[in-house]
Amino acid sequence: MSVFTLPQSEREPLLLKSLSDLVAHHRRHCAEYDRILAASGFSSAASVADLPWLPVRLFKTLELKSIPDDEVFKVLTSSGTTGDVSRIYLDKAAAAAQTRQLGATLQAVLGPKRLPMLIVDTRSILKDRRSFSARGAGVLGMATFGRDHVWALDEQGTVDVEGIRGFLARHGDRPFLIFGFTYLVWLHLYETARAHDLDLGNGILIHSGGWKKLIDQAVSPEEFRERLGRAGLTRIHNFYGMVEQIGTIFLEGPDGGSLYCPDFADVMVRDPETWAELPPGEPGLLEVVSTLPTSYPGHVLLTEDLGVVHGIDDGVWPGKRFSVLGRLPRAEARGCSDTYRSAA
């Protein structure tokens, strides 16, 4: 069942009801959240844009959870590079829901069956505690949606050309999944496919993450897609998500160039000076909302990322189309894929 079905006019009232219920739920069960809302004077919202947001940075400084300690099933940590990390508390129900909805989101482009999977990374990241919470956890999370996994890089981070050849010999004649951080795909898979004439034509690439330390080699999304297309790879889907709203990802549609919101989530762009919601076409700070966070108050979050909404109900999927433009200047680097340099 697709999670990209609701036009904005139908999505808004459903989200307002569910998110307002979550505001009340978290006020009852999280004393810190209740104090924050009491200090702000919030009582009720007439629209999703009126709902009270939390800055994502708060999860680095406060313990925000709406479940008792004995119901904590899993604690997830973010990938901050300064030593401060977000801690996200899940009970069993929340953990199951985020896995289920992540799977439903990816099925929109992968289909219902697990596909053979080529991971553009090195197995050694699973041994490196410094990177495991971010990059390793991201790879492990995606790995559940594939089978017959092959790592494209060896333990030293060098491309395993013969390993990739063997994978393509076994699985290249039918759809297969490729996953990796954006710049690793660019540095290793693209260059290797071009140099060794590898046919990636049946691949479906899921990628995410910025360029960070390799900013001098960054390319536009358009060039990224065009160059990989030369290697036969045309089904390419970027996604945007964060541990503070685990299970919710905003996925690039088949048309490319824009991210779309699943039915249970949405985005808004706010003026960083007035906090007013901005119309399509005007860049500002991204706010992300999701009905998934039930065990902690992460349902309405103001990110430290800049973005712009391109259009509403005018793409291949309904709802808002948007792009992430980068980090707010002076915001902490999240470090999710920078760990490559220390792991490789």
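**Strand pairing, a buried tyrosine and cavities**

Strand S7 (residues 203-208) pairs with strand S8 (residues 235-240) in the parallel sense, over 4 bridges. The model is predicted, so local features need pLDDT of at least 70 and side-chain atom pairs count only at pLDDT 80 or more, while totals for chains, interfaces and linings use all residues. Residues are numbered from 1 along each chain as its sequence is written, and side-chain values use heavy atoms, with hydrogens and water left out.

**Strands**
- Pairing requires at least two bridges found by DSSP between two strands; strands (E, at least two residues) and helices (H or I, at least four) are DSSP runs numbered from the N terminus.
- Ile-204 has Arg-235 in S8 as its bridge partner.
- S8 also pairs with strand S9 (residues 250-252), here in the antiparallel sense over 2 bridges.
- Opposite Tyr-240 stands Phe-250 in S9.

**Tyr-183**
- Helix H7 (residues 182-196) contains Tyr-183.
- Tyr-183 counts as buried because its relative accessibility is 3%, where buried means under 20% relative accessible area, exposed over 50% and partly exposed in between (1.4 Å probe, protein chains only).
- Tyr-183 and Val-219 are 36 residues apart along the chain, and their C-alpha atoms are separated by 9.2 Å.

**Cavities**
- The whole structure holds 2 cavities of 30 Å³ or more; a cavity is a set of points, on a 1 Å grid over the protein atoms alone, where a 1.4 Å probe fits but cannot get out.
- The largest cavity has about 40 Å³ of space, a volume being the space filled by probe spheres set on the points, which are joined across faces, edges and corners.
- Residues lining the largest cavity include Leu-90, Gln-98 and Tyr-296, lining residues being those with an atom within 4 Å of a point.
- This lining has 6 nonpolar, 3 polar and no charged residues; Ala, Val, Leu, Ile, Met, Phe, Trp, Tyr, Cys and Pro count as nonpolar, Asp, Glu, Lys and Arg as charged, and the others, Gly among them, as polar.

Key. 1 Å grid on protein atoms, 1.4 Å probe; cavity = no way out; pocket = protein on both sides within 12 Å on 5 of 7 lines; lining within 4 Å.
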